[in-house]
Amino acid sequence: MVSQITRGIKISVSTSFEGTYFKNYRIQFAFSYEITIENQSKDSVQLNSRHWEIYDSLNDLEIVDGEGVIGKKPVLKPGEKHTYSSGCLLSSPFGAMRGHFSMVNFTTTRAFKVIVPTFRLSAPFALN
């Protein structure tokens, strides 16, 4: 698990290898990840959007932007947590992801970015 705190918002990420699949006549490696967003600040905040950089050891960088996370824009009061799970497919057994969440502080009405630390995606059978 990796964790990072930005402006009082703690992001923790754990990952799992889910297996291999054939898609469009190519093997794909499926990974899941679970992200916990914990508000350790004194203000209520809302997550509005996400930005991902997905690295695959055999392909170029893929950028994914979107609203909220899994269809939600959670509001977190001080001390609250929001946990969700998602996943991605890679064309190799190794990769990594990193990114940020765009959030707004309800007290100051200011927007800010919360860093999601780089987390590795690796299939255990491919490791020495």
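Modeller: A residue is buried under 20% relative accessible area, exposed over 50%, and partly exposed in between (1.4 Å probe, protein chains only). This is a predicted model, where local features need pLDDT of at least 70, side-chain atom pairs count only at pLDDT 80 or more, and totals for chains, interfaces and linings use all residues. Residues are numbered from 1 along each chain as its sequence is written, and side-chain values use heavy atoms, with hydrogens and water left out.

Colleague: Why is Lys42 called exposed?
Modeller: Its relative accessibility is 72%, so Lys42 passes the cut-off for exposed.

Colleague: And what makes Asp43 count as buried?
Modeller: Asp43 has a relative accessible area of 11%, therefore it falls in the buried class.

Colleague: Why is the contact between Lys42 and Asp43 called a salt bridge?
Modeller: The term asks for a side-chain nitrogen of Lys or Arg within 4 Å of a carboxyl oxygen of Asp or Glu. For Lys42 and Asp43 the N to O distance is 3.8 Å, so the pair qualifies.

Colleague: What makes Glu53 and Arg98 a salt bridge?
Modeller: Their closest N and O atoms are 2.7 Å apart, so this pair qualifies too. The two partners sit 45 residues apart in the chain, Glu53 in strand β4 and Arg98 in strand β8; strands are DSSP runs (E, at least two residues), numbered from the N terminus.

Colleague: Why is Arg98 called partly exposed?
Modeller: Arg98 has a relative accessible area of 37%, so it lands in the class in between. Glu53, at 17%, is buried.

Technical notes:
Helix = DSSP H or I, 4+ residues; strand = E, 2+ residues; numbered from the N terminus.
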